[in-house]
Every structure is written in C-alpha cells, then in structure tokens.
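Colleague: Could you take me on a close look at a single part of this model? I am new to it, so please go step by step.

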Amino acid sequence: MLKAFVLKPTINVRLTSSTVIIAAISVLAGCQTLPSSVSKTSVDMTASNPLTAQMPIIDRQGRIAYVEEHGMGAAKISTLYSIRPDGSDRQLIDQLKGYIYAPAWSADGQMLAYSKQVARQHPYIYIYDQKSNTKNLVVTAEGSNLSASFSPDGQKMLYSSTIDGNADIYEMHLSDGSTKRLTTLPSTEVQPSYAADGKSFVYTSDKVRAGRPSIYRYRFDDGQVKRLSTGSYAASPQLSSDGQQLAYLDGSKAAIMTLATGQILFLAETRLDEPARLSPSGQYAVYPMSASAVSNQGSINMGNLVIQSLTGNTNFTISSEAGGVIRSPVWGR
C-alpha cells in the first residue's frame with residue numbers, strides 16, 4: 001500500500017520544472033550530431049508506421065507518457081497522456097489547471113510517478129497505477145518535490161525536494177513512507193534516476209559552480225560520488241537498461257553518451273531545453289520538438305514527439321493531441 005509522505009513545513013521553491021533553472025551551452029569535441037530538426041527521412045505518424053514494426057517487442061509494446069501544455073501563467077492547462085510508440089491508443093491519465101512535471105515509469109511499466117502543482121501550492125508527487133487506474137498522493141512535503149524515480153524492484157523511490165531549504169535527493173520506501181536524505185550539500189542536487197541494477201543512481205548537481213550543472217553517479221554501497229559529464233552544462237540524466245548509455249540534456253541539445261568511451265551523440269536542439277529519453281531496449285530515443293505554425297490567431301507553437309533510431313538517421317513524429325506544447329516524454333515497458 002502506498003502512503004503519503006509528509007515533512008515539516010519550510011520555504012522556497014527553487015525549481016519550476018524538472019530541469020534546473022540555469023542556462024549555458026556546452027560544445028564538446030569528438031561528438032556526433034544529428035540534424036536539429038526532423039530529418040528528411042521522417043514520416044507522418046500513423047498507427048501502422050513501418051518503422052515501429054522494426055522495433056524490438058519490448059519497445060513496440062511499451063507506452064510513452066508525456067505532458068501536453070496549453071495556455072500560459074495562471075491559465076496553464078497541463079494534461080498527462082500515455083500512448084503507444086506507433087501513435088495509437090492515446091490515453092488521458094491526468095489533467096489540471098497548473099503544471100505537471102517529470103513523469104517516470106516503474107521498471108515493469110505498471111506505475112507512473114509524476115509531480116503536480118496548482119496555484120499557491122508546492123509540487124507534490126503522485127503515483128498512477130495502470131492496473132487499478134488509480135492515483136495516489138505520496139509526497140506532500142512543503143517544498144518543491146520533483147523528478148521521482150522508481151527503484152528496479154518498485155519498492156523505493158528517489159526524488160528531489162527543497163524541504164530543508166535547498167534541493168536535495170531523498171529515498172523513500174513506498175510501503176511505509178519512511179525516507180532517507182542522501183545528499184546534504186549546500187548546492188542544488190536534483191533529477192535522480194536509478195541504475196537498472198539498483199546499486200547506484202545518476203543525478204544533477206551544480207556543486208562545482210553555481211548555475212553550471214553537471215551529472216554525477218552516487219553509489220549506494222559506500223556513498224561515493226563520481227562525475228560523469230565533461231561539459232559546462234549537463235542535466236536531466238537517465239541511464240539505459242544495460243547501464244552503458246546516458247541520455248541527458250547537453251546545453252540545449254538532447255544527447256546520448258556512451259559511458260565506456262565518452263562519445264556523445266547529439267540528437268537535436270529541441271527548442272524546449274528537454275532531454276531525450278531512451279526506449280527499454282536502448283535502441284531508440286524519444287524527445288519533444290517545438291515547431292511554429294500559423295493559425296487565425298497568428299503564429300503558435302505546435303508540439304511533436306520525435307522517435308529517433310540510434311542506429312540510423314531515421315525518425316518519425318507523433319503530433320500533439322490539440323496543438324499544445326509537449327514536454328517530458330518517457331518510454332516505459
């Protein structure tokens with residue numbers, strides 16, 4: 001049974017999305033770059049798209065969760081959807097007047113954690129159970145509670161919170177709500193993501209220089225921390241299921257790093273400062289792309305999901321449900 005986690009009141013929301021509010025662009029040597037927009041080989045998405053037929057079953061049968069936004073400021077409407085990679089079976093999970101941040105699937109694809117924020121409240125973390133079609137409020141700390149990540153066995157959850165004043169990373173046991181604070185630095189530690197073996201997690205920190213985030217790995221056995229990124233701006237990490245690749249935001253570009261060699265594949269500059277997220281097999285990535293369109297109300301931004309093969313320069317798009325801005329896609333089993 002999931003229980004709500006309540007901490008003592010404190011101050012100040014330092015984060016407004018699942019991405020650290022810091023701006024800089026890193027240019028790394030020895031990197032590959034794919035086109036910064038959908039390539040000429042891309043095709044309009046249909047439920048029978050032949051590219052999805054080439055995917056491993058684990059990818060093809062999984063679901064992509066994402067947030068679609070309409071409006072601005074106090075009028076913002078956020079909707080959380082899930083969809084098949086072929087563009088079929090779009091399902092509404094949640095909707096509110098406010099913000100939805102950083103959805104994250106459990107390893108078995110049955111649970112989806114995400115943060116919700118309405119006017120005059122901090123972001124709180126909910127878990128959606130796909131089998132029972134229920135939503136449970138699990139983190140109600142009086143701080144900015146973001147970027148949940150399930151442990152491989154689904155028994156624990158990492159997340160960041162500003163409950164103690166600055167952003168730190170916590171681990172919670174979902175059965176009873178007991179928590180442990182894992183980082184205690186005066187800097188900003190956010191966006192944790194478990195490794196598939198459960199022995200470590202990656203996260204974002206600006207402890208070397210404020211406003212210039214880097215990606216680190218934290219080992220549970222001894223608490224040791226190692227820096228993984230080399231540029232001046234790296235955030236929003238996610239490890240592949242085999243632990244060999246790292247998806248993240250490099251400057252303003254969605255990127256994939258091969259950890260053994262340090263080689264980086266730039267997928268696109270999404271115009272949204274959003275990272276790529278890997279498919280369960282690690283052979284594909286999904287990221288949002290903002291595109292301009294003209295309507296009777298003038299120029300507007302249209303959102304698309306781009307699914308990119310990492311073994312060839314092929315991709316395709318899934319359009320937004322109603323012309324909104326798409327954010328935070330994540331691919332589950």
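Modeller: S14 and S15 form a hairpin with five residues between them, and in the turn glycine 198 has a positive phi of about 75 degrees. Strands here are DSSP runs of E with at least two residues, numbered from the N terminus, and two strands pair if DSSP finds at least two bridges between them. Please keep in mind that this is a predicted model, where local features need pLDDT of at least 70, side-chain atom pairs count only at pLDDT 80 or more, and totals for chains, interfaces and linings use all residues. Residues are numbered from 1 along each chain as its sequence is written, and side-chain values use heavy atoms, with hydrogens and water left out.

Four strands make an open, antiparallel sheet in the order S14-S15-S16-S17. Its edge strands, S14 (189-194) and S17 (225-227), each pair on one side only.

Finally, look at the side chains of S15. In a regular strand, side chains alternate between the two faces of the sheet. Ser200, Val202 and Thr204 point one way, Phe201, Tyr203 and Ser205 the other, and all are buried, meaning under 20% relative accessible area with a 1.4 Å probe, protein chains only. Six of the six residues of S15 are buried, so this strand is largely enclosed by the rest of the structure.

Note on methods
Buried < 20%, exposed > 50% of the residue type's maximum accessible area, 1.4 Å probe, protein only.
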